Amino acid sequence: MNAPLAPHARTVEIEELDHFDALIAGGAKSMHGWHFQSVDLRERSAALVALHASGAVFMGCSFDTGVADLLRGRGALIFPALPDLPFNAYRGHLYTGAELFAGISAAKYEQVPDARIYQWSLQTGPALHSTLATAMHDHAITNALDDFLAQQSAPVVGVMGGHAAARGSREYVQAAQLGRALAQAGFLVATGGGPGAMEAANLGAYLSTYDAGTLESALLTLTDVPGFRPSVTEWARAAMAVVERYPDGAPSLGIPTWFYGHEPPNVFASAIAKYFTNALREAILLDRSRGGIVFLPGAAGTVQEVFQDACENYYAAEGAVAPMVLVDHHYWAVEVPVVPLLHTLAKGRIMANFVHVVDTVEEACQVLAG
């Protein structure tokens, strides 16, 4: 919950009823600049009517009969709840794995919220109400993400890698070890929130508060279901079993998208900022990873992220360039030879000292910690 702000603040975001009550108790007379998101106000009619309403914004809130019309008549802007949606377009908080996979212990993946939202996105097309709903949702997620990050003291380090790394593979284990090492070095790990190397990095970060044997045990358990094909249900259940066995994991962040809805989100990220618009999601993931980004071997999506990050660093002002660390010199220099182009772009620019190519996760952590 956001801490109560002074009544005279320019903008006050209200996502919980307690926050509204605190502002009233503090002597507020006007709601100018107050932005309400999905708050049930049906038992606060007297307080609402007593306040000046001009400049207030209500998004998806509930009111007693007649109160919304009264507030609108006094200058408030009211966005009604959008009908027939499997999600809250005005939500004030990030998702969790438990929320997106609610019911997975007894139901098939196709019945849980994450899958139902994806199916809705495929079926709605470019209709006005769906375009508005997804835009409002993604705006709300960005706002909730920044609220979450404002409460974190650790610098954010992004870990980019492919979705194809199978549980039990060398690539998966490497990503898990990287996530663990970064978290133990004092970073908040952020990934694309999906399966493969992304899941592994979130897993390593999540179990960083436990001893090394715990991570090894979890890795071994997960090999029973190496991937999300052919069954997302079994893949998710195996991960949920690890979370239930080790409930006190460290925080980490996942930023997935329903654009790649066939790739389910992983449950090891304690906070999940899931978007409909993939371009927005990619830009935000890179931008918020201000402690640097580690690139593990990956395919086209990871290569795109490498050069999207390089473009940001190329034009960045001094002091705004973030480290780029590519793990596996042979892969990035020979198999997918992006290193020569990166060095050519960086020559003579500030970013030249921020492009690093290493061979181990230990070296990657040393670069970022240094």
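Tutor: Helices (H or I, at least four residues) and strands (E, at least two) are DSSP runs, numbered from the N terminus. This is a predicted model, in which local features need pLDDT of at least 70 and side-chain atom pairs count only at pLDDT 80 or more, while totals for chains, interfaces and linings use all residues. Residues are numbered from 1 along each chain as its sequence is written, and side-chain values use heavy atoms, with hydrogens and water left out.

Student: Where is the place of proline 230?
Tutor: Proline 230 is joined to arginine 229 by a cis peptide bond, with omega at about 10°. As for its place in the chain, proline 230 sits in the loop between α9 and α10.

Student: How are α9 and α10 oriented to each other?
Tutor: The axes, which are lines fitted to C-alpha atoms over the stretch in contact, with angles from 0 to 180 degrees between N-to-C directions, come within 10 Å for α9 (residues 212-222) and α10 (residues 232-245) and cross at roughly 155°. Angles under 35 degrees count as roughly parallel and those over 145 as roughly antiparallel. The two helices α9 and α10 are therefore roughly antiparallel.

Student: Is α6 roughly parallel or roughly antiparallel to α11?
Tutor: Helix α6 (residues 128-150) and α11 have axes that come within 12 Å and cross at roughly 15°. With that angle, α6 lies to α11 in an orientation that counts as roughly parallel.

Student: How many charged residues are there in the contact of α6 with α11?
Tutor: On the α6 side are Asp138, Thr142, Leu145, Asp146 and Leu149, which meet Leu280, Ile284 and Arg288 in α11. By class, this contact has four nonpolar residues and one polar, and its charged residues number three.

Student: Which element gives the largest share of the lining of the largest pocket?
Tutor: A pocket is an open set of points on a 1 Å grid over the protein atoms alone, where a 1.4 Å probe fits and protein lies on both sides within 12 Å along at least five of seven lines, and lining residues have an atom within 4 Å of a point. The largest pocket has a volume of about 380 Å³, and the closest of its 23 lining residues to the centre are Gly161, His163, Met198, Glu263 and Gly301. Two or more lining residues come from each of β5 (156-160), α11 (278-288) and α12 (300-315). The largest share, four residues, is given by α12.

Student: Which residues lie nearest the centre of the second largest pocket?
Tutor: This second largest pocket holds about 280 Å³ of space, and its lining divides into seven nonpolar, four polar and four charged residues. Both α11 and α12 supply at least two lining residues. Of the 15 residues that line this pocket, those nearest its centre are Leu286, Asp287, Glu312, Asn313 and Ala320.

Conventions. Grid points are joined across faces, edges and corners, and a volume is the space filled by probe spheres set on the points. Ala, Val, Leu, Ile, Met, Phe, Trp, Tyr, Cys and Pro count as nonpolar, Asp, Glu, Lys and Arg as charged, and the others, Gly among them, as polar. Angles under 35 degrees count as roughly parallel, over 145 as roughly antiparallel, 65 to 115 as roughly perpendicular and the rest as oblique. Contact means heavy atoms within 4.5 Å.
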